[in-house]
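Reader: Could you go through this structure with me, starting with a single residue and then moving outwards?

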Amino acid sequence: MFKPLALLLSYVLLYQYTGLFVVVFLSGFGLPLPTTALLLATGAFASAGYFNLATSFMVVLVANVSADVLEYTLTRRYRMNIIHYLRFDQSRYFHRVEKLIRSHARLTIFATRFVGFLSPLTNCLAGISSVGFFTFVIYDVIGNVLYAGGLLGTGYLIGGNWTVVANSFSAIAVGLAVLVLIVVTIVLYRRRVTA
C-alpha cells in the first residue's frame with residue numbers, strides 16, 4: 001500500500017464518517033486522491049465491524065453529490081466569466097465540445113462517475129454548457145449510487161483482500177478514461193469532417 005493511501009486510511013479510521021466525508025468531498029472536487037481504494041477499504045472495514053455499511057454509503061453519496069453539484073453550480077453561475085477568461089469564446093472547438101456535452105449530457109454525466117478524474121471536468125463542462133440542473137443531478141446521483149455502492153459492497157464482500165482488487169479497479173478506471181477520450185476525439189473529428 002502506498003503512503004498517501006495509508007495516510008488517508010489512518011485519517012478515515014481516526015475521524016470515521018467525518019473523515020470519510022472530507023476525503024470523498026475533496027476527491028470529488030478534483031483533488032487526486034485514491035478514492036477507489038479508499039472505498040474498497042471502507043467496505044472491508046465495515047465487514048470487520050469498524051464502520052456501518054449503510055452509513056458509509058450515505059456519507060460517500062452525499063459527499064460525492066455535494067462536490068459535483070457545487071462544481072456544476074459555480075461553473076454555471078460564472079459561465080460567461082470563465083468562457084471569457086479562458087478565451088473559449090475565441091476557440092472554434094469550444095462550441096463543438098459544448099454542443100457535444102449538451103447533446104450527450106445524460107450518458108456523459110453518468111459514465112464519468114466511474115472515472116474519478118474525469119468527473120470534475122465533466123461537472124465543470126456541464127455547468128459551462130448550461131446542462132439542465134435536474135438532468136445533471138439525476139444522472140449524477142444514479143452514477144454515484146452505482147459507483148459508491150459497487151465499491152463499498154465489493155470491499156465488504158472481499159474483506160481483507162481489498163488491496164488486490166484495488167489495483168484491478170484502478171487499471172479499469174484508467175482504461176475507461178482512455179476509452180471515453182477516444183470516443184470524444186472520434187466524435188469531434190467526425191463532426192469536423194462533416195462540417
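Author: Let us begin with Thr122, which is placed in helix 7 (residues 119–128), where a helix is a DSSP run of H or I with at least four residues, numbered from the N terminus. This is a predicted model, in which local features need pLDDT of at least 70, side-chain atom pairs count only at pLDDT 80 or more, and totals for chains, interfaces and linings use all residues. Residues are numbered from 1 along each chain as its sequence is written, and side-chain values use heavy atoms, with hydrogens and water left out.

Reader: Is Thr122 buried or exposed?

Author: Thr122 counts as buried because its relative accessibility is 6%; buried means under 20% relative accessible area, exposed over 50%, and partly exposed in between, with a 1.4 Å probe and protein chains only.

Reader: And what is Thr122 in contact with, leaving aside its neighbours within four places in sequence?

Author: Thr122 is then in contact with Thr108, Ile109, Thr112 and Arg113, contact meaning heavy atoms within 4.5 Å.

Reader: Okay, zooming out, how many helices and strands does the protein chain have?

Author: The protein chain has nine helices and zero strands, a strand being a DSSP run of E with at least two residues. Of its 195 residues, 38% count as buried, and among the contacts with a separation of 6 or more, 80% are between residues 24 or more positions apart.

Reader: What does helix 1 span between its end C-alpha atoms?

Author: Helix 1 (residues 3–28) spans only 20 Å, whereas a straight helix of 26 residues would span 38 Å at 1.5 Å a residue, the expected span being 1.5 Å times one less than the number of residues. Helix 1 also bends by about 135° at Gln16, and that bend is the angle between axes fitted to the seven residues ending there and the seven starting there.

Reader: How does helix 8 compare with the 38 Å expected?

Author: Helix 8 has 26 residues and reaches 37 Å from its first C-alpha to its last, which is close to the expected value. Its buried residues include Phe136, Val137, Asp140 and Tyr147, and just after the helix Gly159 takes a positive phi of about 55°.

Reader: Switching topic, how many aromatic pairs are there in the whole structure?

Author: A search finds eleven aromatic pairs; rings of Phe, Tyr and Trp (its six-membered ring) pair if their centres lie within 6.5 Å, and planes under 30 degrees apart count as stacked, over 60 as edge-to-face and the rest as tilted. The pair of Phe45 and Tyr50 is edge-to-face, because the ring centres are 6.2 Å apart and the planes are at 85°. Phe45 counts as buried at 17% relative accessibility, while Tyr50 counts as exposed at 52%.

Reader: Why is the pair of Phe114 and Tyr147 edge-to-face?

Author: Their ring centres are 6.4 Å apart and their planes are at 80°, so that pair is edge-to-face. It links distant parts of the chain, since Phe114 lies in the loop between helix 6 (105–112) and helix 7 while Tyr147 lies in helix 8 (residues 133–158), 33 residues apart. Phe114 counts as partly exposed at 27% relative accessibility, and Tyr147 is buried with a relative accessible area of 11%.

Reader: Which residues form one aromatic cluster?

Author: That cluster is formed by Tyr17, Phe45, Tyr50 and Phe51.
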